[in-house]
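Reader: I am new to protein models. Could you show me how to read one, feature by feature?

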Amino acid sequence: MSLQLTATVDERGVEVDLEIGEGETLAILGPNGAGKSTVLAVAAGLLRPDRGRVVLEGRELTGPGTWVPPHDRRVALLAQEPLLFPHLGVLDNVAFGPRSNGASRRTSHEAARRWLGEVDAADLADRRPRQLSGGQGQRVAVARALAAEPRLLLLDEPLSALDVAVLPALRQTLKRVLAGRTTVLVTHDVLDALLLADRVVVMEDGRVAEAGPTAEVLERPRSAFAARIAGLNMVAGTWRDGAVEGIRGIASEPAPAEGDPVVAVFRPSAVSVFTSSPGGSPRNALAVTVTDLEPRGDQVRVRAGHLAADLTVQAAAELDLVPGARVVFAVKASEVAVYRR
Amino acid sequence: MIPRWLYAPAAVGAAFLLLPLAAIVARVEWSEFFTLITSEASKDALWLSLRTSAMATLLCLLFGTPMAVVLARTSFPGQGVLRSLVLLPLVLPPVVGGVALLYTFGRRGLLGHELEVLGIQVAFSTTAVVLAQTFVAMPFLVVSLEGSLRTAGQRYEVVAASLGAAPTTVFRRITLPLVLPGLVSGSVLAFARALGEFGATITFAGSLQGVTRTLPLEIYQLRETDVDAAVALSLVLVVVAVLVIGFAGRQGRSLG
Amino acid sequence: MKKLVLLALVLPLVAACGSDDDGSSTTLTVYAAASLTASFEEIAAEFEAEHDGVEVRLSFGGSSDLVTQIQGGAPADVFASADTANMDKLVDDDLTGADPQGFATNTLEIVVPPGNPAGITSFQDLAKPGLNLVVCAPAVPCGAASQQVAENAGVTLSPVSEEQSVTDVLAKVTSGEADAGLVYVTDVQAAGDDVEGVEFPESDSVVNTYPIAPVEDSGEADLAEEFVQFVLGDTGQGVLADFGFGSTSP
């Protein structure tokens with residue numbers, strides 16, 4: 001195991017035990033106040049747990065009688081906001097890590113340019129932080145964190161403060177640069193977990209409520225939080241002829257290539273239910289068997305395996321839906337987001 | 001929106017603060033102004049004031065900056081009490097400061113014997129002036145800087161540390177540049193306070209032309225014998241203070 | 001209504017600022033040089049004892065400050081100055097009710113910390129190198145006198161500080177910062193055990209005379225004149241002598 005973290009922080013009621021493999025990305029999901037940030041603080045050396053150990057690549061960072069200060073841990077932190085040093089230009093921001101680790105001015109600038117290139121931000125090198133948009137700033141912050149060549153990367157909701165429009169592209173960038181890096185990703189967004197993480201841990205009330213491979217946890221949620229965030233419809237598969245398992249949607253840039261592993265995501269409320277295929281319509285049609293009906297106020301959630309559709313009570317009654325009924329879920333291609341996995 | 005009646009007391013307050021300044025300007029003998037402020041004694045006093053205030057500001061920076069950082073960034077038992085005590089010179093009558101310094105650095109003071117052994121005589125020296133000014137000016141720098149440090153927060157410092165920067169690197173490359181506006185305005189305030197120092201100086205340092213008689217002491221002394229010169233020098237001090245405060249305001253804005 | 005409230009608020013203040021003369025007593029206000037504090041408090045008490053229903057209100061300060069205040073219209077009935085120069089300012093402005101009269105003299109004395117650590121025995125000793133000598137600034141009366149004495153004695157003084165007042169000189173000596181200072185005989189006496197005095201013969205060459213005069217426009221002109229005569233009389237002179245002042249009559 002690359003990272004082993006056990007920590008008890010009495011004041012915050014947090015007690016966790018996590019392990020992450022070499023090059024693996026672990027997503028920590030959970031509601032506010034569940035203790036996600038506490039875990040990051042313990043790993044980064046910003047918080048000393050009452051009991052516990054942090055071991056990274058065999059080196060004890062925190063433990064009884066051991067305390068490695070934050071700057072010696074090779075653990076980089078990326079927060080919700082870019083937090084670029086306002087008095088330094090973009091290039092110097094990215095060069096900060098190498099420079100602090102003893103690299104010459106020239107070497108560190110070269111490294112900075114290389115990492116800016118990695119996150120598609122080479123053209124921003126000469127800007128000041130205040131001249132950047134939120135998405136650009138976060139790109140630069142990613143480059144800065146990577147340039148420090150950390151052994152562990154901690155991402156604290158890195159996408160949650162950004163404009164929806166820039167999310168897909170930045171997700172893809174993160175996916176690319178996180179590949180093969182030992183990473184802990186704290187997020188609210190199930191899509192981040194799905195696309196960026198190999199495994200997820202769901203935290204509730206300071207404890208790990210559930211853990212496992214991402215798809216497994218989301219498909220068969222056992223914790224309340226996982227069930228709630230898993231409310232999205234997801235179809236995973238490979239990209240063939242512009243569709244995932246026959247479902248067409250809006251693919252985010254960069255567009256997936258033929259045979260790429262992808263996932264199609266859409267909301268239950270975007271799904272219409274028909275008793276027979278609505279011929280001639282541009283919608284995606286999925287033949288399914290109803291497994292369950294769940295009343296939700298003036299709506300009914302119609303479950304068919306791992307897919308769900310939200311209907312009004314009236315519509316559900318008209319369709320005469322019962323478990324075992326064979327129906328068609330239809331969803332417009334414009335309502336389906338397709339991501340590379 | 002503010003209630004209209006607020007303007008009346010506000011105007012009275014402003015007049016109360018500004019009228020005395022106007023009165024000084026009105027009282028100046030303009031025909032002799034230049035002669036009065038360029039007398040040997042006046043020039044000596046002005047030059048001494050500028051020199052000692054600059055030196056005091058430097059000492060404030062050297063010792064006040066670390067103090068502000070310790071107060072803003074750490075917590076230890078008794079910190080609140082320490083902060084209050086450190087800020088005491090802000091509200092202490094300067095003459096009390098002078099007496100306190102006398103009992104510290106004076107011949108019979110706490111450190112008097114040690115200093116004497118080292119051959120250092122503080123009382124009646126320019127050093128005494130600088131000490132007195134540093135004593136009253138340092139809290140200004142500490143308060144101003146501590147405020148800036150708290151406003152700036154620690155988030156950038158945490159990020160810098162996570163990028164591998166050792167504490168000294170973080171302090172030099174992140175903390176100091178971030179609080180530079182506070183540092184500049186704090187220094188300017190300290191300089192201005194040092195420039196105006198009177199009570200502690202006259203109690204502790206004495207008064208001798210070119211050695212310990214700063215501008216305020218010169219004005220105080222001239223007041224009895226040459227009122228015109230005292231008024232002219234007062235105006236000089238007012239102008240210097242206005243320049244300093246104006247500079248501080250501009251720096252604060254342009255850096256902030 | 002508003003005006004009434006305002007008046008109600010302001011009236012007590014005005015009353016407080018005004019005279020508390022309730023008809024049963026008369027107040028005489030005497031402005032006197034700071035060096036006269038102790039002696040004049042005693043003289044005033046004696047004066048009050050002899051004059052039923054008269055209250056003497058004393059205000060002490062630097063002579064030049066007092067002159068400035070009287071010129072500015074301060075309600076003084078009598079002014080006792082520490083030197084003739086300041087009294088002359090009032091005379092020049094026609095602010096005295098009668099010619100000033102000298103009522104006391106004072107001469108300089110060397111003041112040293114208890115035990116006289118620097119071993120000062122003569123005026124010439126004040127010129128010793130490395131000595132921390134503190135004097136009054138030449139601009140103030142005791143400083144001018146010091147300068148004159150030094151000139152008469154043919155001694156060049158190089159003080160480490162020229163203080164604004166006698167009090168400041170004494171403070172430097174009592175705290176032990178200064179090895180010696182030059183102040184008036186009466187100041188040394190008033191300072192008691194905190195200091196020691198060293199007399200020197202050259203002091204006789206500069207005698208400072210204290211003049212007193214009633215102030216023009218005094219509401220109590222007669223009483224003011226009476227007070228002046230009281231200071232010049234046996235009781236006043238006796239008290240002044242007790243405090244170390246010299247007599248003006250040869």
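Author: Start with helices and strands. Both are DSSP runs: a helix needs at least four residues, a strand at least two. The model here is predicted. In chain B, the runs come to 14 helices and 0 strands.

Reader: What pattern does chain B follow along the sequence?

Author: The pattern is α-α-α-α-α-α-α-α-α-α-α-α-α-α. Now look at chain A. There you find 9 helices and 22 strands.

Reader: How do I read the extent of a chain?

Author: Take the C-alpha atoms along the principal axes. For chain B they fill a box of roughly 65 × 65 × 30 Å. For chain A the trace spans about 70 × 45 × 30 Å.

Reader: Which radius of gyration does chain A have, and what would a compact globule have?

Author: Chain A has 22 Å. A compact globule of 341 residues would have a value near 20 Å, so the two agree.

Reader: How does one find empty space in a model?

Author: Rolling a probe the size of a water molecule over the atoms shows where empty space is left. Take the largest pocket here. Its space is about 780 Å³.

Reader: How many residues line the largest pocket, and which lie nearest its centre?

Author: The lining has 39 residues. Nearest the centre are C:Ala34, C:Ser35, C:Gly62, C:Ser165 and C:Val166. By class, the lining holds 19 nonpolar, 13 polar and 7 charged residues.

Reader: Which domains of chain C does the lining of the largest pocket draw on?

Author: Domain 1 and domain 2 of chain C each give at least three residues. Helix H13 (215-225) of chain B supplies at least two residues. Several helices of chain C also supply at least two each, among them H2 (37-50), H5 (141-153) and H6 (166-174).

Reader: What is the volume of the second largest cavity, and which residues line it?

Author: The volume is about 40 Å³. Residues from chains B and C line this cavity, including B:Tyr220, B:Arg213, C:Glu162 and C:Gln164. H13 of chain B gives the largest share, 3 residues. Strand E7 (161-163) of chain C supplies at least two. By class, the lining divides into 3 nonpolar, 3 polar and 3 charged.

Reader: Last, the aromatic rings. How do I read a pair?

Author: Check the ring centres. Two rings pair if their centres lie within 6.5 Å. Over all chains, the count comes to 11 aromatic pairs.

Reader: Which residues do ring pairs link into a cluster?

Author: C:Phe40, C:Phe47, C:Phe103, C:Tyr210, C:Phe227, C:Phe230 and C:Phe245.

Technical notes
Residues numbered from 1 in each chain as written. Chains lettered and ligands numbered in written order. Predicted model: local features only at pLDDT ≥ 70, side-chain atom pairs only at ≥ 80, totals over all residues. Heavy atoms only, no water. Phe/Tyr/Trp six-rings, centres within 6.5 Å; stacked < 30°, edge-to-face > 60°. 1 Å grid on protein atoms, 1.4 Å probe; cavity = no way out; pocket = protein on both sides within 12 Å on 5 of 7 lines; lining within 4 Å. Points joined across faces, edges and corners; volume = space filled by probe spheres on them. Nonpolar A, V, L, I, M, F, W, Y, C, P; charged D, E, K, R; others polar. Domains from an automatic or database assignment. Rg over C-alpha atoms; globule rule 2.2 N^0.38 Å.
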